[in-house]
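Subject: Structure handover, with notes on pockets and cavities

Hi,

Here is the structure for you to look over. My notes follow below it.

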Amino acid sequence: MVAKKRRFETIAIHAGERPDKTYGAISVPIYQTSTFAFADVGKSRGYDYSRTANPTRKVLEDTVAQLEGGKAGFAFATGMAAETTVIHLLTAGDHIICGDDIYGGTYRLFQNVMQDFGLEFTFLRMDRRSKIEAAIKPNTKMLWLETPSNPLLNITDIEMAVDIAGKHKLLTVMDNTFATPYFLKPIEYGVDLVVHSTTKYLNGHCDVVGGVVVTSNDELSERVQFLLNAMGTCAAPFDCWLVLRGIETLPVRMKQHEANASRVANYLAEHPAVKRVFYPGLKSHPGHEIARRQMKGFGGVVSFELKGGASATSRFLKRIKIFALAESLGGVASLAEHPATMSHASMPKEHREKVGLTDELVRLSVGLENADDLIDDLGQALKSS
Ligand SMILES: *Cc1c(COP(=O)(O)O)cnc(C)c1O
């Protein structure tokens, strides 16, 4: 009898070598070791040095690879370490087309670091085929996608982007941090490489920084493993264990994040002190139809602009209580942040203005508290703000 393909929730708990084959430990052991004794001269037991590979890391890598429907997974010290490694698939002289409203740290890596190594970047809103095609040059090698984008929640049509990439032989990379594979599986649409900051939803508890890459074919797997080992960007065993523990509850968390975020988005959309709400689950969102088609859910991040300018915004951020004023997102505890001075401060003001990231924008990571309490908190903070 052929084994049935396991479903998402089951993979999240059982993928990789579980239980551990040494003693049958149900919780994946933390192989806190730098090196491994060889069985004989020239004969390792499968692992030789933890930069190259580590059994705890391997379970995490196998788990995310299966959740994304990819070939292989690779775990990194941070999301930025994952991105740094992936961008090294290219060489000096190559050109990358990238979304213009991406995570601030990604923008900084590309614009302020990788450009000095001879890579060339064009940042643009990936909402129209003609715009992307017009930006393609003879040296273009990669399309870098982020949908929903951070912090404006703009939606890119992945099928369209992959179709363009296919015609022009471009590598496609998708930062799937916001949607997670529970809501969106880019590899099913033909994306070549998926990157994540596991710091966010995959871990989900604000107690680790980490990243992963998932590949779609063996050639890319080999090249990413080579770079991970050569550059030493890999994740530590304990951090992998924390992310594994987080992933076990990813499906139930994502469902509740979305339910709460949807309540919050609808509440804000009706509130007289609010100018504009950015949430792909709202019918008024320009990317709503595409998001509905390509995603199974809209996620847990809601951004909005207040009426009353910068002073109203800072009053709101001072008054909010359950939502902590903090960077990051995707944890069980709700957070509020001010992208212009926090997560996206590394983006120059002119670029922020060009892409519509205003000083009035607030980004909420809606957590798993009771939604009525979150709405009460928003209500008191918005009062006369
Ligand atoms: C946070 C984040 C990153 C960077 O990840 P770190 O773990 O902080 O290095 C990359 N992309 C997105 C969309 C993020 O939100």
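How much space lies in the largest pocket? About 380 Å³. A pocket here is an open set of points on a 1 Å grid over the protein atoms alone, with protein on both sides within 12 Å along at least five of seven lines; a cavity is a set of points where a 1.4 Å probe fits but cannot get out; lining residues have an atom within 4 Å of a point. Grid points are joined across faces, edges and corners, and a volume is the space filled by probe spheres set on the points.

First, the ground rules. This is a predicted model: local features need pLDDT of at least 70, side-chain atom pairs count only at pLDDT 80 or more, and totals for chains, interfaces and linings use all residues. Residues are numbered from 1 along each chain as its sequence is written, and side-chain values use heavy atoms, with hydrogens and water left out.

Largest pocket

The lining has 17 residues. E17, K21, Y31, Y47 and P55 lie nearest the centre of this pocket. By class, the lining splits into 8 nonpolar, 3 polar and 6 charged residues. The classes are simple: Ala, Val, Leu, Ile, Met, Phe, Trp, Tyr, Cys and Pro are nonpolar, Asp, Glu, Lys and Arg are charged, and the others, Gly among them, are polar.

Second largest pocket

The volume of the second largest pocket is about 320 Å³. Its lining takes in 24 residues, with M80, Y103, S197, T199 and K200 nearest the centre. Two or more lining residues come from each of α3 (79–87) and β6 (193–197). Helix α3 gives the largest share, 3 residues. Helices (H or I, at least four residues) and strands (E, at least two) are DSSP runs, numbered from the N terminus. The lining counts 6 nonpolar, 12 polar and 6 charged residues.

Where does the second largest pocket lie? Domain 1 (8–247) and domain 2 (250–383) both give residues to its lining, so it lies between them. The domain bounds come from an automatic or database domain assignment.

Domains and overall fold

The centres of domain 1 and domain 2, taken over C-alpha atoms, are 26 Å apart. At the boundary, 42 residues of domain 1 are in contact (heavy atoms within 4.5 Å) with 41 residues of domain 2.

The protein chain has 14 helices and 12 strands. Its radius of gyration (over C-alpha atoms) is 21 Å, close to the 21 Å that the globule rule (2.2 Å times the number of residues to the power 0.38) gives for 385 residues, so the chain is as compact as a globular protein of that length. The C-alpha atoms fill a box of roughly 75 × 50 × 40 Å along the principal axes. Of the 385 residues, 55% count as buried. Buried means under 20% relative accessible area, exposed over 50%, and partly exposed in between (1.4 Å probe, protein chains only). Among contacts with a separation of 6 or more, 72% join residues 24 or more positions apart.

Cavities

The count is 3 cavities of 30 Å³ or more. The largest cavity has a volume of about 90 Å³. It is lined by 15 residues, with G99, D101, M126, E146 and T156 nearest its centre. Strand β4 (residues 140–146) gives the most to this lining, 3 residues.

Helix α9 (237–248) and strand β1 (72–76) each supply at least two lining residues, and α9 gives the most, with 3. By class there are 7 nonpolar, 3 polar and 1 charged residues.

Local points to check by eye

- Helix α4 (residues 104–113): G104, G105, T106, Y107, L109 and F110 are buried. Their cover includes α3, β2 (95–99), β3 (120–124), β4 and α13 (349–355).
- T147 to P148: the peptide bond is cis, with omega near -5°.
- N150 to P151: a cis peptide bond, omega about 5°. P151 lies in the loop between β4 and α6, as P148 does.
- K169: not a glycine, yet phi is positive at about 55°. K169 is exposed, at 73% relative accessibility.
- C206: also a positive phi of about 55° without being a glycine. C206 is partly exposed, at 44%, in the loop between β6 and β7 (211–215).

Best wishes
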